[in-house]
Amino acid sequence: MAELTYLQAISDGLRTEMRRDKRVFVLGEDVGVYGGAFKVTLGFQEEFGAWRVIDTPLSETAIVGGATGAAMMGLRPVAEMQFADFVSCAWDHLVTVAAKQRWRAGTPVPIVLRLPSGGGFSGGPFHSQNPESSFAHIPGLKCVCPATPEDAKGLIISAIEDPNPVLFFEHKHLYRRIKGEVPEERYTVPIGKARTHQEGDEITVVTWGAMVYTAEEAAKQVDASVEIIDLRTVMPWDKQAVLESVRKTSKVLVLHEDTRTGGFGAEIAATIAEEAFEDLDAPLKRITAPDTPVPFSPVLEKAYIPQVDDVVRGLKELIEY
Amino acid sequence: MRGMATARVAEPSGGSLQEVKEWGLDREDLLQIYRNMLITRGVEERGHILYRQGKIPGSFYTGRGNEASSVGVATAFGPDDVGTPLHRDMGVHITRGVEPWRIFAQYMGRQDGPTHGRDGNVHMADSQLGLIAMVSHLPAMLPVAVGAALAFRIREEKRVAVAWYGEGAAARGDAHEGMNFAGVRNLPVVFICDNNQWAYSTPTHLEYAVEHLADRAQAYGFDGVVVDGTDVLAVYREAKRAIEKAREGGGPTLIECQTLRMEGHAVHDDAFYVPKELFERWAERDPIERYRTWLREHADLTDEGEDEIAGYVKKLLNDSLQRADASPQPDPATLHEGVYATAADLDTPHHK
């Protein structure tokens with residue numbers, strides 16, 4: 001075991017796979033010489049060469065479309081969007097080509113798209129978004145959102161191994177802030193399996209990504225036994241783990257950094273309403289960002305991203321219900 | 001037209017049997033090209049009948065007028081090359097060896113079509129034959145073909161990817177990003193622009209402001225060639241040159257094949273907006289008729305030889321229609337299958 005930051009854990013997982021499997025290569029803007037905008041691939045080009053760590057022109061469409069074509073020819077591309085926000089430029093290639101190719105034409109597209117996402121540092125409307133629900137809605141895509149260094153390494157390896165297009169949402173605010181023990185050997189974390197971040201028996205918080213830590217802080221501030229379910233992957237998502245926890249606690253708060261309407265929390269809420277209605281002792285509560293773009297000013301951004309106080313308030317309302 | 005023409009305008013094929021031999025085609029190859037062109041047109045003509053019989057759901061698209069271009073390029077493929085043909089390029093599927101009965105089954109949405117009723121018309125491809133199934137969003141397949149070429153370059157394989165698009169799709173960003181990336185990395189990819197002069201109802205002067213679309217190649221750092229898309233041997237010669245150049249590390253080429261879309265955008269469209277004289281003028285250059293004349297003059301195609309080929313094609317199409325019509329409807333219970341690939345799906349030649 002070694003103590004790694006969340007960012008180092010992603011690098012470690014990626015490097016592990018590139019050493020193990022010659023088919024794996026990286027492409028994206030500034031991923032080579034510069035090592036990526038956030039330095040996830042720092043030193044990779046020296047180790048693996050310029051044809052396995054490919055600096056591309058500023059062309060998200062060509063990056064994702066190119067990754068798709070290379071994957072169809074048997075390689076395992078890991079493409080980086082410099083920021084998750086820029087994936088909008090590659091929407092067609094993910095949603096129109098990669099997601100549908102297996103189902104309609106029998107051609108698997110094993111690509112990984114790394115998406116530095118999330119806010120908390122005044123990135124503004126175009127460098128802070130959490131677009132996972134948009135892609136979770138598309139049949140054929142998988143969406144992964146690790147919260148811990150250990151999961152980040154195990155899930156990037158699983159994503160590369162997976163025969164489907166996998167979107168790997170890595171939260172920028174966790175990159176250097178979160179450290180943890182990470183096994184040095186190769187291991188995988190299954191896509192579609194939640195992790196119980198903390199056990200409890202009075203309230204369930206279902207969340208993922210950076211909000212896991214917001215939930216943890218809030219749970220410390222209330223007088224109740226709170227169970228935190230870290231989904232780890234939103235598509236597929238671990239319905240069973242959520243329903244089991246809800247049946248145990250009977251009260252549930254769904255928390256995410258993405259906006260509210262049509263956010264993935266809505267899907268979770270609908271599923272709980274359909275399958276665990278009789279088990280609930282209180283109306284389900286959602287805490288999310290409001291339905292606005294992500295603001296730039298620190299004051300506005302604090303009002304936008306769910307804060308510990310917001311979650312504490314939500315938990316208290318559930319306790320008192 | 002504005003802008004300076006920079007692309008090379010390819011000379012017509014002309015030629016003798018001896019000259020064509022130097023390009024790599026013997027007499028049997030020449031007859032196979034003719035067969036493939038006839039099958040291509042025949043499949044689409046039969047498709048029209050199926051459509052009128054109400055057997056084809058949705059709409060129906062053909063590439064009438066593009067037979068020389070599609071068959072000519074596909075004939076220049078190496079066995080391990082890959083391509084992304086579009087809805088005007090039936091000749092590519094035929095030349096690569098897709099059986100016509102499977103195409104009819106695809107048209108009718110039957111179980112034995114390459115997509116098993118999940119997608120329609122020419123949205124299909126047999127990956128075992130090196131083809132990648134198109135999507136409607138054109139030219140989305142350009143970056144995909146560039147990615148295939150990137151894989152060949154990374155693995156240092158002597159394989160080439162061929163990407164099709166039309167002059168309409170040339171206006172979209174995918175074309176720019178794909179060609180720019182290919183040029184920057186000098187990838188083994190050949191771009192084929194089917195310039196059939198009409199993007200649905202929009203004529204070329206409202207689509208681009210250069211003389212030839214192939215002129216754009218210069219902006220991406222590679223060669224552009226304009227070729228008469230009704231001259232199958234000229235198309236073949238230019239495609240062969242470009243493919244072999246790419247295979248030897250010479251980078252991409254953009255070939256613009258000039259044709260006229262001889263029917264509407266799709267079966268519902270009577271193309272009232274295309275001047276009648278234009279149709280008449282291009283009908284005189286019908287690619288199959290031109291090639292038939294050439295074969296008679298240069299390759300000893302006789303009446304008996306023609307009859308034999310026509311009879312073969314007719315029987316093939318009749319048998320194919322019958323076989324396709326016997327193909328079952330897809331089972332709705334299978335709708336959910338295969339949204340996600342399994343590890344077993346990767347057990348294909350490409351992934352080994």
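Analyst: One term to begin with: two residues are in contact if their C-beta atoms, placed from the backbone, lie within 7 Å. Also, this is a predicted model.

User: Ok. What does Ala148(B) touch, leaving out residues up to four places away in sequence?
Analyst: Ala148(B) touches Gly69(A), Ala70(A), Met72(A) and Met73(A) in chain A, and Val82(B) and Ala161(B) in chain B.

User: Which residues touch the most other members of the largest nonpolar core?
Analyst: That core has 200 residues. Ala148(B) is one of those with the most contacts to other members, along with Ala145(B), Ala163(B), Val189(B), Val190(B) and Ile255(B).

User: And which helix gives the most to this core?
Analyst: Helix α6 of chain B, residues 141–154, with eleven residues. In chain A, domain 1 (2–182) and domain 2 (195–320) both give residues to this core, so the core lies between them.

User: How many residues are in contact between the two chains?
Analyst: 33 residues of chain A are in contact with 38 of chain B. On the chain A side, α3(A) gives the most, with nine residues. By class, that side has 16 nonpolar, 13 polar and four charged residues.

User: Switching to α11(B). Which of its residues are buried?
Analyst: Pro287(B), Tyr291(B), Trp294(B) and Leu295(B). Seen down the helix axis, these fall within an arc of 100°, so they line one face of α11(B).

User: What covers them?
Analyst: The cover includes α2 (27–52), α3 (67–75) and α9 (232–247) of chain B.

User: And which exposed residues are on the face turned away?
Analyst: Glu289(B), Thr293(B) and Glu297(B).

Key. Residues are numbered from 1 along each chain as its sequence is written. Chains are lettered from A and ligands numbered from 1 in the order in which they are written. This is a predicted model: local features need pLDDT of at least 70, side-chain atom pairs count only at pLDDT 80 or more; totals for chains, interfaces and linings use all residues. A nonpolar core is a set of buried Ala, Val, Leu, Ile, Met, Phe, Trp, Tyr and Cys residues joined through C-beta atoms within 7 Å. A residue is buried if 20 or more other C-beta atoms lie within 10 Å of its own, exposed if 12 or fewer, and partly exposed in between; C-beta atoms are placed from the backbone. Helices (H or I, at least four residues) and strands (E, at least two) are DSSP runs, numbered from the N terminus. Domain bounds come from an automatic or database domain assignment. Ala, Val, Leu, Ile, Met, Phe, Trp, Tyr, Cys and Pro count as nonpolar, Asp, Glu, Lys and Arg as charged, and the others, Gly among them, as polar. The arc is that of the directions from the helix axis to the C-beta atoms.
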